[in-house]
Amino acid sequence: MSEVKKFMPKIKILGVVLLLLAVGYFFSSIPSATSIDFSTMRKNLASFGIRTEIEEPDPIASLTQTLEEDVAARDEERNRHVNESRARQYVESAINDYYQGSYEEALRRLDRARIYDPSNFSIFKLSGQIFFEKNKFRKAFNDWERANQLPNDDRTITRDLDVLKRLIRYSRNEIDRLNRTLNREPENQIAKARLKELEEQMRE
């Protein structure tokens, strides 16, 4: 018993040494745990949309972007005013042409005005009036309908559209009647001429 007591401190020391050796061996067997490639890890995380670094906002870039947006907005506003002004000039010239009886020239100017400002009520009101006077009822209706959809204070546009709707309905009924007449009388020249006239009025 006394001999066992003698060897107890040595056994304890030996146990500690063995424990240390076992721990050392454990850590040496997994070297990858101590050599992590953080750059690869960041790339992998970034591919999943995960940011691994805090990005500080660049005040100069932010200011530059704001200035560019302001300049673009001012340019857009200036271009809008220029286009509206050009459209008004074309409309004024078209009005003069209209009163002088130059309908085709007026329509050409109004087509140019539409390019610059397709939201100008006067363009569609005047072109509808010209088409109406030229007995192009369908074209007149299309332009007046468009004019009526735009902001305006004109109280006559709705009345004019109602009149035109009745004319178009009458023309359609007449076309149907004339077609029936021509089915019975293919050589009826008066019916043919009237049908041609009405079809021209209804052409888009």
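Residues were classed by relative accessible area as buried (under 20%), exposed (over 50%) or partly exposed (in between), with a 1.4 Å probe and protein chains only. The structure is a predicted model, in which local features need pLDDT of at least 70, side-chain atom pairs count only at pLDDT 80 or more, and totals for chains, interfaces and linings use all residues. Residues are numbered from 1 along each chain as its sequence is written, and side-chain values use heavy atoms, with hydrogens and water left out.

The protein chain contains eight helices and zero strands. Helices are DSSP runs of H or I with at least four residues, strands are runs of E with at least two, and both are numbered from the N terminus. Along the sequence the pattern reads α-α-α-α-α-α-α-α. Of the 204 residues of the protein chain, 23% are buried. Contacts were taken as heavy atoms within 4.5 Å. Among contacts in the protein chain with a separation of 6 or more, 50% involve residues 24 or more positions apart.

Side chains of opposite charge can pair when their charged atoms come close. A salt bridge was assigned where a side-chain nitrogen of Lys or Arg lies within 4 Å of a carboxyl oxygen of Asp or Glu. Over the whole structure, 15 salt bridges were found.

One of these pairs Glu200 with Lys136 through their side chains, at an N to O distance of 2.7 Å. Glu200 belongs to helix α8 (residues 189-201), whereas Lys136 sits in the loop between α5 (121-133) and α6 (137-149), so the pair ties together parts that are 64 residues apart in sequence. Glu200 is partly exposed, its relative accessible area being 32%. Glu200 also forms a salt bridge with Arg203, in which the closest N and O atoms are 2.1 Å apart. Arg203 is partly exposed, at 45% relative accessibility.

Within helix α8, Arg194 and Glu197 are three residues apart, about one turn of the helix. Their side chains meet in a salt bridge with an N to O distance of 3.3 Å. Arg194 is partly exposed with a relative accessible area of 26%, and Glu197 is likewise partly exposed at 40% relative accessibility.
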